[in-house]
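Hi everyone, thanks for coming. Please bring up the model on your screens, and then I'll walk you through it.

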Amino acid sequence: VSTPTTWLLDDVLLVPMDGPAEAPLGDVRRGALRVRGDRLVELGALQPAPGERVVPGGGRAAVPGFVQGHVHATQTLFRGLADDLPLLDWLRHRIWPLEHSHDEASTRASARLTFAELLAGGTTTVQTMESVRHTEVTCDEVLAAGLTAIVGNCLMDLPDGGVPAGMPSTAAAAIATTDALRRAFHGRSGRLEIAVAPRFVLSCSDELAAAAADFARRHELRVHTHADEHPGEVAAVRARFGRDYLEVLHAQGLLGARTSLAHCVHTTARERDLLVATGTAVLHCPSTNLKLGSGIAPIAEYHRLGLRTAIGADGAPCNNRLSMLAELRLAALLQNFAAGPGVFPAEQALWAATAGGARALGLDHEVGSLRAGRRADVLLFDLDEAFLPLCADTPAAIAGAIVYAATERQLHAVLCGGEFAVRDGELLQHDRRALRADAAAALPAVLQRAGLHR
Ligand SMILES: [Zn+2]
């Protein structure tokens, strides 16, 4: 067995994101990164070994790959097909019929688009909630794309008003699907986990919720679901259960340190106590919360309470981008409005997009910071580009440049598991035209089956 040779990413500004809470960027300094296979071997003031390959970093800022806590790869094909609707109408009239009409080919096209777009924007780790069927296709595609991922088939067994006939399964069948995915994919390549993913409280019977909690506990799987997203949804939960959303999830055994909840926009004081007591993580999706008219999640308050928080784009039909830089900017801007400037500053936002997001997903031993032994997921930002701040020379100013000013224009390179996915601003290994053509070829049949033919 031959050991892969090392190579040196030389002349970078190291932004390791491994510092303490009050200074999360860590020891920012000039240096180099040594890479072997998919791992960082060492970083700091390094000299090339004799014969070692050296890739010049051009003095750019080296930041850990972004970690997105909440997306739906299966929905990327439906970007632009569900604009300007509130949550429950968005689900009933568009998303459920469309998801239910997927076949393998359309799921594959959607997944390929998703992972290419994520890599193009610097996201190298993702948690995605898929539809009821065809999740094995998404698992294949994320393994091929090279990202680190947590994937779950969504669990739903209640008909609710707009769910198409045949979409919800029985509790037993839903869990059996997750179990089949677990057997086939959990732990594959050391970078894919299968999660237990109840869609949301309103889609699940008490029987399914209990089975999901039991299955997750038995196999030590993560739980990924939505909660407290939209006022109309929160009211529907109160009407069915007579208590707060998170009290329902807690009673069902679904809160805990292995659980992450998308949104949490409308939590009561009692629900926040439950989040703290159970160590449940929050997944913040600012664009989606604004687009569906849901509200502004109190992320600065969650941060103050010490809750683990990640950021995500959510589905393409409710964003309509999958860009971490867009979510990062919006997350920081919204908290400046909601909590006051300086309460959730750019450094803390960047932490949530990297090391903090990895902690929220329980993946911080693998990704989210630049340390020896972690995956070689590295972004190179061109902080000297004309349209960025002229003086990004302190941790706060570097974070401010990335969070408030940078776009994909200044994202020079993306290293994912030691391989360049983006270099000189160009997405390698993917042909954007071909991706779009495959997706466009798959969509008409889906629309026809969904009764949404245009
Ligand atoms: Zn979602």
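Let me start with a question: which element gives the most to the lining of the largest cavity? That would be H1, with 3 residues. Before going on, a word on what we are looking at: this is a predicted model, in which local features need pLDDT of at least 70 and side-chain atom pairs count only at pLDDT 80 or more, while totals for chains, interfaces and linings use all residues. Residues are numbered from 1 along each chain as its sequence is written, and side-chain values use heavy atoms, with hydrogens and water left out. Helices (H or I, at least four residues) and strands (E, at least two) are DSSP runs, numbered from the N terminus.

Back to that cavity. Its volume is about 110 Å³, and the structure holds 3 cavities of 30 Å³ or more. By cavity I mean a set of points, on a 1 Å grid over the protein atoms alone, where a 1.4 Å probe fits but cannot get out; lining residues have an atom within 4 Å of a point. Grid points are joined across faces, edges and corners, and a volume is the space filled by probe spheres set on the points. Around the largest cavity you'll find His72, Gln75, Leu87, Trp90, Leu91, Arg199, Phe200, His226, Glu229, His263 and Asp314. Sorted by class, that lining has 4 nonpolar, 4 polar and 3 charged residues. For the classes, Ala, Val, Leu, Ile, Met, Phe, Trp, Tyr, Cys and Pro count as nonpolar, Asp, Glu, Lys and Arg as charged, and the others, Gly among them, as polar.

Now please turn to the metal. Which residues are the protein donors of the zinc ion? They are His70, His72 and His226, each through NE2, and Asp314 through OD, lying 2.1 to 2.3 Å from the zinc ion. A donor here is an N, O or S atom within 2.8 Å of the metal (3.2 Å for Na, K and Ca); water is not among the atoms, so sites may look incomplete. The donor residues follow the spacing H-x1-H-x153-H-x87-D in sequence. Distant parts of the chain are linked by a pair of them: His72 sits in the loop between strand E6 (66–71) and helix H1 (87–100), and His226 in strand E11 (residues 223–227), 154 residues apart. Both His72 and His226 are buried, where buried means under 20% relative accessible area, exposed over 50%, and partly exposed in between (1.4 Å probe, protein chains only).

Why is the arrangement around the zinc ion irregular? Because the 4 donor atoms subtend angles of 87 to 176°. Four donors count as tetrahedral if all angles lie between 85 and 135 degrees; four count as square planar and six as octahedral if opposite donors are over 155 degrees apart and all others between 65 and 115; anything else is irregular.

Next, the second largest cavity, with about 40 Å³ of space. Its lining has 7 nonpolar, 2 polar and no charged residues, and Phe200, Thr225 and Gln252 are among them.

On to the largest pocket, which holds about 680 Å³ of space. A pocket is an open set of points with protein on both sides within 12 Å along at least five of seven lines. It has 23 lining residues, and the closest to its centre are Thr76, Arg79, Leu113, Glu117 and Arg436. Helix H2 (104–120), strand E18 (426–427) and helix H15 (432–450) each give two or more residues to this lining, and H15 gives the most, with 6. The lining divides into 13 nonpolar, 4 polar and 6 charged residues.

What about disulfides? The count comes to 0, taking a disulfide as a pair of cysteine sulfur atoms within 2.5 Å. The sulfur of Cys285 is 7.6 Å from the closest cysteine sulfur, in Cys318, so it is too far for a bond.

Finally, some backbone details. Most residues other than glycine have a negative phi, and most peptide bonds are trans. Met17, though not a glycine, has a positive phi of about 55°; Met17 is buried, at 1% relative accessible area. Asp84 also has a positive phi, about 65°, but Asp84 is exposed, at 70% relative accessibility. The peptide bond from Asn319 to Asn320 is cis, with omega near 5°, and Asn320 lies in the loop between strand E14 (309–311) and helix H11 (324–338).

That's my tour, thank you!
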